[in-house]
Amino acid sequence: MTEAIPQNAPYMVAAYVVTAAILVGYAIVLALRTRRSRDS
Amino acid sequence: MTLVQRGRWLTGIGLLLLGGVYLRALAFTPVELHQGPAQKIFYVHVPAAWSSMLAMGLVGLASILYLLVRDTRYDRFAAASAEVGTVFACVMLTTGPLWAKPIWGTWWTWDARLTLTLMLFFIFIGYQLLRGAVTDPAVRARSAAVVGICGLVLLPFIHLSVYLFRTLHPQPIVLKPSAPSAPPEMVTTLLLSVGVFSLLYLGFVIQRYALGGAARDD
Amino acid sequence: MRDLLRHAWRVTRKDLRLEFRSRTALTSALVFTALVLVVFEHGRDPTAVPTLNLAPSILWVTFSFASMLALNRAFQAELENHALDGLLLAPISRTSLFWGKLGANLVFVALVQVTGMLLFMLFFNVPVWRVWAPLAAVTALATVGFIAVGTLFSAMVVRTRFAELMLPVLLLPFLLPPLIAAVQVTVQLFAGRPLSEVAGWLRLLAAYDICFVTLATLLFPFTVTE
């Protein structure tokens, strides 16, 4: 007996969006903070 | 190339590759029959968990090295790794419930692994709160190192509890003693994603480490 | 080794003597434990959930709070009159100092736990006395490792800002493994299962204790050096 594949794509989209937002967001935050203090 | 520039390059490349992983996961990896599309959250959730564990492990390692040789660079690295680890822990803790809701029917459950990854998050937070609460840099480095080492040692007990506690959480598929039991394309996508997340970890930590050298002590 | 234990015992005795003279911390802890139990009793609907199901949770939450209280006062007294410096200058090793503090904390917590257990039996009418020996063993196992980490951390935070807040925040993750294990074992004990069935959890507790007592002993000197 085959069951239909669950239609839960919105959760997947939400997760991928949140992940991207957090990672890109942090990258931006770091870029801004490192700009303010030039260092090596 | 300065440290900051190196970090930025790595981060930039990492983010681009992340886009590639997204594409592969969403368009070129098969949909799992029982869990549906939501199963693909696996490809961002697991690498995030891996990165935060890696971050914690390196905090612990750097802490041990600091206490042994008292080189402040180790302390600086530990601080950087803790902050980056917190970021990945946030990804882990948001994608986890988003996966749990469609699959298990509930946003959260207090099973062993979920609870204890929440604890990992708290360790990171506690570590950084402690750093913020101590003013003297030497005392701060020592205290943070102590917490860092204890946090690291706690991790195996976290993983151990998973095997003892009857849990809703999917049994470890890749990192269990026997061979991985998922189809090869899925394993490949996962491994690629883990690689990209690790690259991002590196890029983030390098930049954050560079920040630590600024006059404003961190 | 003999000296180590002898000195540690001296420190333990000093702490306990100090505590029993004023008894403030002990009394507060006991009263607090009783209050927590009363709140639990009135906070639940007796018809909805049988006591037996809640019992392990109530017991262990009470013990956790009691432990926190004990740990808070551990290094508090040493802050006055630079007593800690005096202790550090004494011809005893850091390990003795740590084990002494740990011992005092364990005695304190044990007292509160025993009282809490008796009150628990009184208030909740759960047949604890049938399994008191294995229950005592599990309690001891679950408490030792956690209090070791707690003693270490309390030495560390005593001079930071927000010390009373910092200690619970740092300690909570370390409470979870012993707490989860202890509750699981307690549930089985109250259900009349033999200890052999929960051997896995007991092994986890023992491993945790050995691991963290050793680690805390090794790390303690770093928290009190200049």
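This report describes the chains, helices, contacts and nonpolar core of a predicted model.

## Basis of the description

The model is predicted: local features need pLDDT of at least 70, side-chain atom pairs count only at pLDDT 80 or more, and totals for chains, interfaces and linings use all residues. Residues are numbered from 1 along each chain as its sequence is written, while chains are lettered from A and ligands numbered from 1 in the order in which they are written.

## Chain B

Chain B contains six helices and zero strands, and its elements follow the order α-α-α-α-α-α from the N terminus. Helices (H or I, at least four residues) and strands (E, at least two) are DSSP runs, numbered from the N terminus. Of its 218 residues, 50% count as buried; a residue is buried if 20 or more other C-beta atoms lie within 10 Å of its own, exposed if 12 or fewer, and partly exposed in between, with C-beta atoms placed from the backbone. Among the contacts in chain B with a separation of 6 or more, 77% join residues 24 or more positions apart. Two residues are in contact if their C-beta atoms, placed from the backbone, lie within 7 Å.

Helix H2 of chain B covers residues 42-69, and its 28 residues should span 40 Å at 1.5 Å a residue; the end C-alpha atoms are 40 Å apart, which agrees. The expected span is 1.5 Å times one less than the number of residues in the helix. Because 22 of the 28 residues of H2(B) are buried, this helix is largely enclosed by the rest of the structure. Arg70(B) follows H2(B) and has a positive phi, near 55°.

Helix H3 of chain B, residues 72-104, has 33 residues. From its first C-alpha to its last H3(B) reaches 46 Å, close to the expected 48 Å. Of these 33 residues, 25 are buried, so H3(B) is likewise largely enclosed by the rest of the structure. The residue after H3(B) is Gly105(B), whose phi is positive, near 85°.

## Chain C

Chain C has nine helices and zero strands. Its radius of gyration, taken over C-alpha atoms, is compared with a globule rule of 2.2 Å times the number of residues to the power 0.38. For 226 residues a compact globule would have a value near 17 Å, and the 18 Å of chain C agrees. Along the principal axes, its C-alpha atoms fill a box of roughly 60 × 35 × 30 Å.

In chain C, 42% of the 226 residues count as buried. Residues 24 or more positions apart supply 84% of the chain C contacts with a separation of 6 or more.

## Contacts between chains

The contact between chains B and C takes 25 residues from chain B and 24 residues from chain C. On the chain B side, helix H4 (112-133) and helix H5 (137-164) are the elements that give two or more residues. H5(B) gives the most, with 12 residues. This side of chain B divides into 20 nonpolar, four polar and one charged. Here Ala, Val, Leu, Ile, Met, Phe, Trp, Tyr, Cys and Pro count as nonpolar, Asp, Glu, Lys and Arg as charged, and the others, Gly among them, as polar.

The contact between chains A and B draws 24 residues from chain A and 34 residues from chain B. The chain A side comprises 16 nonpolar, six polar and two charged residues.

## Nonpolar core

The largest nonpolar core has 143 residues. Such a core is a set of buried Ala, Val, Leu, Ile, Met, Phe, Trp, Tyr and Cys residues joined through C-beta atoms within 7 Å. Those with the most contacts inside it are Ile41(B), Ala78(B), Ala148(C), Val149(C), Leu152(C) and Ala216(C). Not counting residues up to four places away in sequence, Ala148(C) touches Leu102(C), Phe212(C), Val213(C) and Ala216(C).
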